[in-house]
Amino acid sequence: APELFNEGLYPGGLHLGAVAHEYRMARTEVTASQWFEFVQAFAPRYPGPSVNSSYGSFASVLTGQWIAPVPGSGHNGQPWQFTMDPEAANLATGTSWHFAARYANWLHNGKSPEQWAFETGVYDTATFTRNPDGTWNDQFTPAPGARFWLPTLDEWTKGMYYDPNRHGDGQEGYWAHPIGHDTPAVPGYPEDGGETSAGIPFPPDFDASWHVPVGAYPHISSPWGLLDGSGS
């Protein structure tokens, strides 16, 4: 399993990408609609609106940018309820590592709505504790037999940059950019001939309608067919 360092692409070298096992990666980032399904499933299991080292701010960290709590929910004994901007359904979303780990647990457990399905299976959330010095005790390595997990930096790097035929048939190596080329992707909207949404100058007051959906550049991919590696 070669490293990106072997290509000599970056000053000082980056020792990344060496992965000795077979694995799969999703072709795109998690979309807001996929995340919304998880948010709705997990909301009844959330213990409360307080901020702590394990959960962070439920209303902001869990929901990401395009999902919002219904005003008044989650307080005074009321259950949490959420809404999603319909224009954001196929946009990339984001969250904290802790909630992403619970998402992997939930997928691994067949999307069961039971409490245990969110807390164990791939990552043991009982380890999600913080020490007085600020360090974490989190279980970062997926449990044996995990069906879904968060890719390591090495796994992500190999999936985006590595090409088994980089220097010719059967001659492996890494490209300088995660699009199967040594030249960067051109910023711009797909209809304008752009190759990545990274670097597009959005207006000061923009909403979901200004954003580019995942997979909008299907002809720009890693050697393994992974999309949007250059930004979204």
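The legends below accompany close-up views of a predicted model.

View 1. Trp 97, Trp 136 and Phe 140 together make a nonpolar surface patch of about 300 Å². Of these residues, Trp 136 is found in the loop that runs between α4 (115-119) and α5 (153-161). Trp 136 counts as partly exposed because its relative accessibility is 34%, a value that lies between the limits of 20% for buried and 50% for exposed.

**View 2. Helix α3 and its surroundings.** Helix α3 covers residues 97-108, and its 12 residues reach 16 Å from the first C-alpha to the last, which is close to the 16 Å expected at 1.5 Å a residue. Because 11 of the 12 residues of α3 are buried, the helix is largely enclosed by the rest of the structure.

**View 3. The largest pocket and its lining.** The largest pocket in the model has a volume of about 1100 Å³ and is lined by 34 residues. Of these lining residues, Ala 26, Thr 28, Val 30, Trp 149 and Pro 151 lie nearest the centre of the pocket. Helices also take part in the lining, with α1 (32-42), α3 and α5 each supplying at least two residues.

Key:
Residues numbered from 1 in each chain as written. Predicted model: local features only at pLDDT ≥ 70, side-chain atom pairs only at ≥ 80, totals over all residues. Heavy atoms only, no water. Patch = residues over 30% accessible without salt bridge, like charges linked within 9 Å, V, L, I, M, F, W, Y side chains within 5 Å. Areas by Shrake-Rupley, 256 points an atom, 1.4 Å probe, with all protein chains shown as cover. Salt bridge = Lys/Arg side-chain N within 4 Å of Asp/Glu carboxyl O. Helix = DSSP H or I, 4+ residues; strand = E, 2+ residues; numbered from the N terminus. Buried < 20%, exposed > 50% of the residue type's maximum accessible area, 1.4 Å probe, protein only. Expected span 1.5 Å × (residues − 1). 1 Å grid on protein atoms, 1.4 Å probe; cavity = no way out; pocket = protein on both sides within 12 Å on 5 of 7 lines; lining within 4 Å. Points joined across faces, edges and corners; volume = space filled by probe spheres on them.
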